[in-house]
Amino acid sequence: MSTKPIIAVNADFRPAKKDNGAFTWIDSGYYDAITGAGGIPMVIPPLADDDELQQLLSHADGLVLTGCKLDLEPVRLGFEKHPATRPMPSRREDFDRRLARMAYESKVPTLAVGSGMQTLNVVCGGTLFQHVTEDVLKALQHRDAVEECLRHVIEIVPGTKMDAIYGPGEIRVNSDHHMAVDNVASCFRVCATAMDGVIEAYESVLENWWCLGVQFHPESRTASALDMQVFETFLDGVREQLAPQILSFEQQRRAA
């Protein structure tokens, strides 16, 4: 029986409040999508020690950098805080940034979703829009305060991972964000945009790193059936990047 890839998933975090203690959780859509695509999820809590985090990550074959309903801290991005911005707890953002940096440095195959996509882009040297509605000319609606399943069209760049997943042309995806990628880091290229030009997906241009970032949420209950292919393609990419390592291990074992 073949071994299934182990996929690390970063957990969300809420600090203690007056009547409730601090706790960590994860949207079940992530681990259901990972298992459905043939992987085994391994949840990583927001550890404060880099050595412990690196040790855990070393046991993973891939990483899903999850999204969050809250935002990256605008001051850390060089912005004055916009009234629409709701920063995530610093423990969550610090953890996500460190985990994203380790994934990039170790070239761990990565699927970055929502704010996870934004975090990874910043860590790798890219920039963000704080508030799409005001920062992008003739911006579309990317978040609805009432309707959870807002959807809009995105246009896919031919020859990219998104093209391989969905095929050419336009598709509709769910949308629930007001921050967005502005300039992609040099290690990425754009592979899908909304009709207003907002970047909805990017991919790694490095040959030794499988990475895809999506602004929409393929794990969500508002996703379409086609969106499961994002996770299936990610697991294929994990296996593809692992293949040379497995072959090298087998060759060494036989030579011993």
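Predicted model: local features only at pLDDT ≥ 70, side-chain atom pairs only at ≥ 80, totals over all residues.
Colleague: How should I read the spacing of residues along a helix?

Modeller: An α-helix has 3.6 residues a turn, so residues three or four places apart point the same way. Keep that in mind when you look at the helix 3 list, which includes Asp 96, Ala 100 and Arg 101.

Colleague: At what angle do the axes of helix 3 and helix 4 cross?

Modeller: Roughly 65°, and the axes come within 9 Å. Helix 3 covers residues 90-106 and helix 4 covers residues 115-123. As for handedness, helix 3 passes helix 4 in a right-handed crossing.

Colleague: Is helix 4 largely enclosed or open?

Modeller: Count its buried residues, with under 20% relative accessible area as the cut-off. In helix 4 nine of the nine residues are buried, so the helix is largely enclosed by the rest of the structure. After helix 4 comes Gly 125, with a positive phi near 110°.

Colleague: Back in helix 3, is Glu 93 buried or exposed?

Modeller: Glu 93, which sits in helix 3, has 2% relative accessibility and therefore counts as buried. Setting aside neighbours within four places in sequence, Glu 93 is in contact with Asp 71, Leu 72, Glu 73, Arg 76 and Met 88.

Colleague: And Ser 186, buried or exposed?

Modeller: Exposed, because its relative accessible area is 71%. You'll find Ser 186 in the loop between strand 10 (180-181) and strand 11 (188-194). Val 205 is 19 residues from Ser 186 in sequence, and their C-alpha atoms are 8.4 Å apart in space.

Colleague: Now the sheet. How do I read one?

Modeller: Strands of a sheet pair through backbone hydrogen bonds, either parallel or antiparallel. Here nine strands form an open sheet with mixed pairing, in the order 4-1-5-6-13-12-11-8-9. Strand 4 (40-44) and strand 9 (169-174) are at the edges with a single partner strand each, so one side of each has no neighbour in the sheet. On average, neighbouring strands of this sheet are turned by 25° against each other, direction ignored.

Colleague: How many bridges join strand 1 to strand 5?

Modeller: Three, and the two strands run parallel. Strand 1 is residues 6-10 and strand 5 is residues 62-65.

Colleague: Which strands does helix 1 lie across?

Modeller: Helix 1 (residues 28-36) lies across strand 1, strand 4, strand 5 and strand 6 (110-113). Its angle to strand 4 is about 150°.

Colleague: Last one: how do I read the overall fold?

Modeller: Start with the inventory, which is seven helices and 13 strands. Then check the radius of gyration: a compact globule of 256 residues would have one near 18 Å, and the protein's 18 Å agrees. The C-alpha trace spans about 65 × 50 × 30 Å along its principal axes. Buried residues make up 49% of the 256. Among contacts with a separation of 6 or more, 67% come from residues 24 or more positions apart. Finally, the accessible surface is about 12500 Å², with 51% of it belonging to carbon and sulfur atoms.

Notes:
Residues numbered from 1 in each chain as written. Heavy atoms only, no water. Pairing = 2+ DSSP bridges. Helix = DSSP H or I, 4+ residues; strand = E, 2+ residues; numbered from the N terminus. Axes fitted to C-alpha atoms, helices over the stretch in contact; angles between N-to-C directions. Contact = heavy atoms within 4.5 Å. Rg over C-alpha atoms; globule rule 2.2 N^0.38 Å. Buried < 20%, exposed > 50% of the residue type's maximum accessible area, 1.4 Å probe, protein only. Areas by Shrake-Rupley, 256 points an atom, 1.4 Å probe, with all protein chains shown as cover. Left-handed = near helix turned anticlockwise from the far one by under 90°.
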